[in-house]
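Have a look at the structure first, then try each task before reading its solution.

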Amino acid sequence: MPLIAAGSVALAAAGDRLVAEPPAELHPVAWLGRALGPLDRPWHRPRLAGVATALLVPLLAAGVVAGVVALGGGIHPILGAGVAGLACFVTTSRRMLLDEARAVVAASETDLPTARARLRALAGRDATALSAGEVRSAAVESAAENLSDGLVAPLAGFALLAPVSLPAAAGAAAWIKAVNTLDSTFGYRSVPMGWAPARLDDIVMWVPARASAILLAVAGGQPGAVRRARSLARRPASPNAGWPMATIAVLLGVRLSKPGAYDLTANRRSADGRTASNEGSDDLPTQANAERGVAVVSRAGWLAFGLAGVIALC
């Protein structure tokens with residue numbers, strides 16, 4: 001059983017490396033996003049509707065996925081492992097987001113309008129007036145934040161329950177992915193029913209965000225970066241997103257900024273080992289900085305897959 005569970009994680013990692021993402025028309029997460037559309041309407045009691053949605057939709061997604069994996073396992077254990085690996089693959093995302101971040105960073109130097117347009121796939125902000133440095137900042141921030149939401153959280157749910165049951169593991173990954181999808185769809189102040197999905201996502205992502213910061217620090221060769229990033233991590237409004245973003249800022253020694261929202265200015269280490277503040281500087285990422293940042297996120301993602309495989313073996 002442990003080897004089969006680890007094999008499911010390996011299958012998900014191979015799918016990410018070779019395929020990146022299923023086509024949108026075949027992607028279950030895209031199906032869920034479209035299915036949520038009719039819920040975005042005026043409700044007589046929007047907060048109650050939001051609570052019901054936050055409770056029921058993830059449970060439904062988890063039940064469907066767990067049932068399909070159990071059905072496959074009932075036919076043959078290898079088939080069950082394959083279906084579980086497929087479920088792990090579609091609920092996690094690494095390569096597609098990093099490929100898009102690399103494309104934005106590359107275009108920021110030579111074709112800024114294209115970089116601004118492509119940034120919309122990564123960051124939910126108006127990019128029309130962003131400078132090249134601000135575009136690169138957004139790409140790096142989004143890559144780091146999505147490590148937590150798109151990979152570490154669902155992968156952790158899968159790995160922690162894989163030693164118990166593959167259907168439960170796949171169901172846990174689907175539940176976490178559905179929670180995050182609800183937050184992405186409704187978790188805005190402008191959406192009256194969005195309070196419950198947003199709060200549930202804050203709770204679920206609390207540990208993965210901090211675990212992602214640790215993975216980034218290890219992948220960047222600076223385990224102490226998380227401690228140095230602690231004060232910066234509190235600047236964004238989200239209780240979780242600041243941790244991976246602040247950690248990557250510290251690793252790169254740059255300023256990451258969302259105009260009008262937050263400014264994550266990392267302290268540099270001087271030759272004598274002391275820290276020097278860059279507060280107030282315009283030290284936004286260069287292309288080389290940003291490329292290094294995306295590479296660190298990529299390595300952290302592989303560390304997450306490897307750690308998940310080890311946990312699944314236990």
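**Exercise 1: the cysteines**

Cys88 is buried, at a relative accessible area of 0%. Keep in mind that you're working with a predicted model.

Solution: 
- Start with exposure: Cys314 counts as exposed, with 68% relative accessibility, while Cys88 is buried.
- A disulfide needs sulfur atoms within 2.5 Å, so Cys88 is in no disulfide.
- The tally for the structure is zero disulfides.

**Exercise 2: a helix and its cover**

Task: find which elements cover the buried residues of α3.

Solution: 
- Locate the helix: α3 runs over residues 46-75, which makes 30 residues.
- Check its reach. From first C-alpha to last, α3 spans 43 Å, close to the expected 44 Å.
- Pick out buried residues in α3, among them Ala54, Val57, Pro58, Ala61 and Ala62.
- Now see what lies over them: the cover includes α2 (28-35), α4 (77-91), α8 (166-186) and α9 (195-204).

**Exercise 3: a pocket**

Task: say which element gives the largest share of the lining of the second largest pocket.

Solution: 
- Elements giving two or more residues are α2, α3, α4 and α8.
- The largest share, seven residues, comes from α3.
- By type, the lining splits into 22 nonpolar residues, one polar and one charged.

Conventions: Residues numbered from 1 in each chain as written. Predicted model: local features only at pLDDT ≥ 70, side-chain atom pairs only at ≥ 80, totals over all residues. Heavy atoms only, no water. Helix = DSSP H or I, 4+ residues; strand = E, 2+ residues; numbered from the N terminus. Expected span 1.5 Å × (residues − 1). Buried < 20%, exposed > 50% of the residue type's maximum accessible area, 1.4 Å probe, protein only. Contact = heavy atoms within 4.5 Å. Nonpolar A, V, L, I, M, F, W, Y, C, P; charged D, E, K, R; others polar.
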